Amino acid sequence: MIRGAGWIGRSRGKVATSCGWFTLRWRERKCVDSAPQSPAKWPSVTSSELWPRETADRYDTEEAEASSAAVLGPTLAFLAELAGDGRALEFAIGTGRVGVPLRERGVPVVGIELSEHMAAVLRRKIDEDTLPVVIGDMATTVVPGGFTLVYLVYNTITNLLTQDEQVECFRNAARHLEPGGRFVIELGVPPLRFLPPGQVAVPFDVSEQHLGFDTFDLVEQILVSHHLTRDGDDGRYRRDNSRHRYAWPAELDLMARIAGLELERRVADWDETPFTQGSAKHISVWRKPT
C-alpha cells in the first residue's frame, strides 16, 4: 500500500527534523493505470495509490537513513519480542526495509504488498522461500496460517483513503492473528495544532535538497503531502505528491474494538518512550483476546 508506503505510508524526500510528525517523512506514491490482481476472496481496496517502478527503484536510496541499523534497531527489537516464537505478517512490506532484517533476526516473516514494483525490489534481497510475499492490498488480502504478530509501520495505514477501508485493515489483522496475538501500528499524530485558522498548509522540511509541505481537507480527514526534490546539480526539482487519510489514536482504538481487538499499550516511539499529549507519533499495540 502507499507509503506510503509514504504522510503516512512510507516516507520520501528529506526527513524533517522539526516538530509534529514531520519527524516521520511521508511515503510517496503515484497512481498508475492498473493495480495488480489481489488473491483475496473479498473485493480489493481501490483507493490507495500504487507506486510505479521509478519510485520503487529509488526508494531504498532515499530511505537509507531510516534503514540504518541505528534507526531500525529499536524497531526490530520491539517487533521480535512481540512475535516471540511465532510468525509475523507485515502489511505493506514494500522493499523489505523492516521485514528483511526482522527475518534475519530469526523471526519468520510473510509480507503483503500492493505494488509489484516494490515487491520486485524486495525480491532482489531475499528469496521467496525465506520471505514469502503476496501481491494484494492490506485490507482484504488473506494469506494462509496464523500469526502471533501483524504489523504496519511508517504511517502506512493512511494509504487507505477511507475510514471503512481502515476498519477493514484492522479486521484483516484480526483475521490473521492467533488468540493472544498482537497488531502493531506506527503512526504520526495529526499535526493540526500547527495549522492556524485560515492556513491550509504546514511545512515539514525546508532544506537545500527538499521542500515539503502538507495540505489538509479537515472535513474528509485527507492530507496531501507535497514534495519538491532537487534532482542533480543543475537546479532542477522533481515534484511529487501523495494523498493520505489521517486518523487519531482514539479513532484507531475504536477501529480495533470493531475488529475484536483490545488496546494493550501505546508508546511514543520504538524505544518505549511514554506517549504524552506532546508526542509527534505513537506505536500502538492491540491484542486479540484468548
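Colleague: How many bridges join strand 10 to strand 11, and do they run parallel or antiparallel?
Modeller: Five bridges join them, and the two strands run antiparallel. Keep in mind that this is a predicted model.
Colleague: What is the bridge partner of Val-267 in strand 11?
Modeller: Ile-283 is the partner of Val-267 there.
Colleague: What holds paired strands together in general?
Modeller: Backbone hydrogen bonds do, in parallel or antiparallel pairs.
Colleague: OK, zoom out. What is the strand order in the open sheet of seven strands?
Modeller: The order is 3-2-1-4-5-11-10. The pairing is mixed.
Colleague: Which strands stand at the edges?
Modeller: Strand 3 (133–135) and strand 10 (262–267). Each has a single partner strand, so one side of each has no neighbour in the sheet.
Colleague: And how are neighbouring strands turned against each other?
Modeller: By 20° on average, direction ignored.
Colleague: Which strands does helix 4 touch?
Modeller: Helix 4 (residues 116–123) packs on the sheet and touches strand 2 and strand 3. Its direction makes about 160° with that of strand 3.
Colleague: What about helix 6?
Modeller: Helix 6, residues 249–258, also packs on the sheet. It touches strand 5, strand 10 and strand 11. Its direction makes about 15° with that of strand 11.
Colleague: New topic. Which residues form the nonpolar patch on the surface?
Modeller: Val-206, Leu-211 and Tyr-237. Together they have about 270 Å² of accessible area.
Colleague: Where is Leu-211 found?
Modeller: In strand 7, which covers residues 210–217.

Note on methods: Residues are numbered from 1 along each chain as its sequence is written. This is a predicted model: local features need pLDDT of at least 70, side-chain atom pairs count only at pLDDT 80 or more; totals for chains, interfaces and linings use all residues. Side-chain values use heavy atoms; hydrogens and water are left out. Patches are made of residues with over 30% relative accessible area and no salt bridge: like charges are joined within 9 Å, nonpolar side chains (Val, Leu, Ile, Met, Phe, Trp, Tyr) within 5 Å. Accessible areas come from the Shrake-Rupley method with a 1.4 Å probe; for residues, only the protein chains shown count as cover. A salt bridge is a side-chain nitrogen of Lys or Arg within 4 Å of a carboxyl oxygen of Asp or Glu. Helices (H or I, at least four residues) and strands (E, at least two) are DSSP runs, numbered from the N terminus. Two strands pair if DSSP finds at least two bridges between them. Axes are lines fitted to C-alpha atoms, for helices over the stretch in contact, and angles run from 0 to 180 degrees between N-to-C directions. Contact means heavy atoms within 4.5 Å.
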